[in-house]
Amino acid sequence: MAYKCLHCGAEIKSIDKFVRCPYCGYRIVVKERPQIAKEVKTD
Ligand SMILES: [Zn+2]
């Protein structure tokens, strides 16, 4: 599963419980979803 640094947007792989971006040291990352586009109806 891939993660993404919220600060610099770098991709981070293989994560433990506490993650830190290896590039900027930011500690908040988000999960990147495998499926990108999802069709959603917004009527
Ligand atoms: Zn970063």
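Tyr 26 lies in the loop that links strand 2 (11–13) to strand 3 (29–31), where strands are DSSP runs of E of at least two residues and helices are runs of H or I of at least four, both numbered from the N terminus. The structure is a predicted model, in which local features need pLDDT of at least 70 and side-chain atom pairs count only at pLDDT 80 or more, whereas totals for chains, interfaces and linings use all residues. Residues are numbered from 1 along each chain as its sequence is written.

Tyr 26 is classed as partly exposed because 17 other C-beta atoms are found within 10 Å; in this scheme, with C-beta atoms placed from the backbone, a residue is buried if 20 or more other C-beta atoms lie within 10 Å of its own, exposed if 12 or fewer do, and partly exposed in between. When residues up to four places away in sequence are not counted, Tyr 26 touches Cys 5, Leu 6, His 7, Cys 8 and Cys 21, a contact being defined by C-beta atoms, placed from the backbone, that lie within 7 Å. For one of these residues, Cys 8, the C-alpha to C-alpha distance to Tyr 26 is 8.2 Å, at a separation of 18 residues in sequence.

Phe 18 is also located in the loop between strand 2 and strand 3, but Phe 18 counts as exposed because it has 6 C-beta neighbours inside 10 Å. The C-alpha atom of Phe 18 is separated by 9.8 Å from that of Val 29, which is eleven residues away along the chain.

The protein contains zero helices and three strands, and its elements run β-β-β from the N terminus on. The three strands form an open sheet of order 2-1-3 with antiparallel pairing, where pairing requires that DSSP finds at least two bridges between two strands. Strand 2 and strand 3 stand at the edges with a single partner strand each, so one side of each is left without a neighbour in the sheet. Neighbouring strands of this sheet are turned by 40° against each other on average, direction ignored, with axes taken as lines fitted to C-alpha atoms, for helices over the stretch in contact, and angles running from 0 to 180 degrees between N-to-C directions. Strand 1 (residues 2–5) is joined to strand 2 by three bridges in an antiparallel arrangement, and Tyr 3 has Ile 12 of strand 2 as its bridge partner.

Over the protein as a whole, 5% of the 43 residues count as buried. Among contacts with a separation of 6 or more, 27% are between residues 24 or more positions apart.

Conventions. Contact = placed C-beta atoms within 7 Å.
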